[in-house]
Amino acid sequence: MRESSTADPGGEHARVTPPKTWAAGVPAVAEAVRYSLAETSPRRAGRTLLDLNQTKGFDCPGCAWPDPEPGERHINEYCENGAKHTNDEAASRRITPEFFARHSVSELARASDRWLNQQGRLTHPMVKRPGSDHYEPINWHDALGLLAEELRALDTPDEAVFYTSGRAGNEPAFVLQLFARALGTNNLPDCSNLCHESSGTALHQTLGIGKGDVSLPDLHHADLVLTLGQNPGSNHPRMLSALEVTKRRGGKIVAVNPLPEAGLMRFKNPQKPSGVVGRGTNIADQFLQIRLGGDLALFQALNLLLLEAEEAAPGTALDRAFIEEHTDGFEKFADHLRRTVSWPEVLAATGLDRARIEELRDRVLTSERIIVCWAMGLTQQKHAVPTIREVVNFLLLRGSIGKPGTGVCPVRGHSNVQGDRTMGIWEQMPQDFLDALEREFAFKPPTEHGLDTVNAIRAMAQGRVKVFLGLAGNFVRATPDSEFTADAMRRCRLTAHISTKLNRSHTVCGDTALILPTLGRTERDCQSGGEQFLTVEDSMSQVHASAGHLEPASKHLLSEVAILSRLARRTLGDQVAVPWEEFEADYGHIRERIARVVPGFHNFNSRVTKPGGFGLPNPVNDGVFPTPSGKAQFTCNDFEGLTAPEGHLLLQTLRSHDQWNTVPYTMNDRYRGIHGSRRVLLVNPADLRTLGFDDGDRVDVISVWRDGTERRAEDFRLVPYSTPVGCAAAYYPETNVLVPLDSVADQSNTPTSKGIVIRLEPRAEAP
């Protein structure tokens, strides 16, 4: 039975069972089938799943984990969450203009995120006019004309913001950034600002690249894989299949994470008999349960141990030849570690004992090929950039960069989020990219850096941004400081969202608001030039085609490329020599231009039609480091531990298993044993006793910021759980309200959702 529009179960609805000690297996298959059939017909669900991640099908709109080579793919090349995400988009239910006539914006704003998503696919462009509390239908010509008129009326192009989620393909991303820059602004914030900006910042500083240098074969052949701050069993489950291969080939895996995650304990691969009737594969050979914010201290201690091992037995711990030939700054780095690392501080910050860290050192010393993978558990810390730089220091010491079976592997959490950045979706693209745009399209792009996501919210709040356009995503629920962000959005003259389904952002409106419904990944895209396909770039820099085969959810839908091309034409007219009509008619014309602008995309149209696509070049794998010195950089990183005052805890926000980004598919998290509610706070039993609470108590969670401001999330049930002492965990987006907008990672400006100081307040009993 579908929940009511106002259902958002509080903590009293939670039912708790013991956490699982393994992931996937038959239950994952059953749950994927159950959810898919609840969303659409058996025929439609089967069609999508057979096309999913196949060479002639479409790329999963979920995570960015790479696909195996074409001849090595399973007929069911997807995970439980990928199947849910795909058939959630292919849902049979429709949201027509009559729906918006029945439901006011105020009513929709009170609905839960899950209920909004459950209503199905958007079918018509809609407008909410000033003073109205209802969306009403509008035709495409008038909708795009309204948006174009607002853009032309701005005092400066910098009063507009163009936000992008990773769901967009390469072609619409390229068109969007081209339009924004032709208009005259670099205000191109994206979801990378919220997740992996810290990775790009740190890797640019140390290796001269903004992304990883690892391939699937590298992962398969590594001797040692370290996974840091990630839960692949829920967030990118197909990674477990790759780690299973690593284990089968004799590699070892170490998991470093504040919570024990079922997928990193044992994996039952449902594509293999051993995963159906057998015990499956033990994944992590060692689990280090680290305190929030302790990763930098851990890697500084590990690196110091390696230096000491080298001094005790020269030539056994460090790759001296690699260090001398390919790196810069080693002596300064080594001296800094020897002077600053304090073992009492390390043990306090990490919550680990020294023997466990020395056990990790011993694993490292017996491993020739090492890969480090990480996700948002690292990138959303205050000291995320120095932490990732210290991880690079570790790999440089061992010479584990740029060689087969080695390297850095930031694991992106959304399909094509990396490709969008490659296409120019960044508020601070380098000058050589802007110069290439100028040569190709004969206009001068702006050079002043634009607004990232956090600064865009500030600018809207201050009235400096009048128009917001979102390409995919759910901006209001993905961002921090929820109430502040919503108030900022409401200050805009116009907000517009290019979307497939209804979400919270559609209920947080500027004076005028537009919903612009678009095709999904699963659907056929037919333009005047014939049937089209998009391309995406996965987390390991492989570019491939994606083409849906379902009939569109409505005859009124336009593709993302069509919406953006028509908007650009209506806004700019003939001010720039960009063939917008040709772009809309045939996406091959866009790829021809990309090939001349973006390095690595030569012969784009022909190369991408080959099964599996092609890989982008990575200079690091050729021994080239595009840094100012031409070498990989050792860095000196100052450690400052995260602490909470007495009576307080450190909070990390995380996804449930049954969730993708901001949308929960159910109210359960079966791997962690949570059922019926998302408003739970996982707390170490010792902390519950110290704070005077019991299992099942209901509390309000209050975050405490340095300016004395407090933010409140109401009605959470306390659940004893295996968290580090002093640390707690809860689901987002429900707890995004607790993350202050000003609480950001140094240098990258990424919200620090992993390390918020909170206190707990007992819920007042109802009268």
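A residue is called buried when its relative accessible area is under 20%, exposed when that area is over 50%, and partly exposed in between, as judged with a 1.4 Å probe on protein chains only. The model is predicted, so local features need pLDDT of at least 70 and side-chain atom pairs count only at pLDDT 80 or more, while totals for chains, interfaces and linings use all residues. Residues are numbered from 1 along each chain as its sequence is written, and side-chain values use heavy atoms, with hydrogens and water left out.

**Histidine 544**

- Histidine 544 belongs to strand β22 (residues 542-546), where a strand is a DSSP run of E with at least two residues, and a helix is a run of H or I with at least four, numbered from the N terminus.
- Because its relative accessibility is 8%, histidine 544 counts as buried.
- Its side chain makes a polar contact, meaning a pair of N or O atoms within 3.5 Å, of which one must be able to donate a hydrogen and the other to accept it, with residues adjacent in sequence counting only if both atoms are side-chain atoms; the partner is the side chain of aspartate 59, at 2.9 Å.
- Beyond neighbours within four places in sequence, the residues in contact with histidine 544 include Asp67, Leu534, Val608 and Gly612, contact being heavy atoms within 4.5 Å.

**Helix α15**

- Helix α15 covers residues 295-312 and spans 26 Å from its first C-alpha to its last, close to the 26 Å expected at 1.5 Å a residue, a figure found as 1.5 Å times one less than the number of residues.
- Of the 18 residues of α15, 15 are buried, so the helix is largely enclosed by the rest of the structure.
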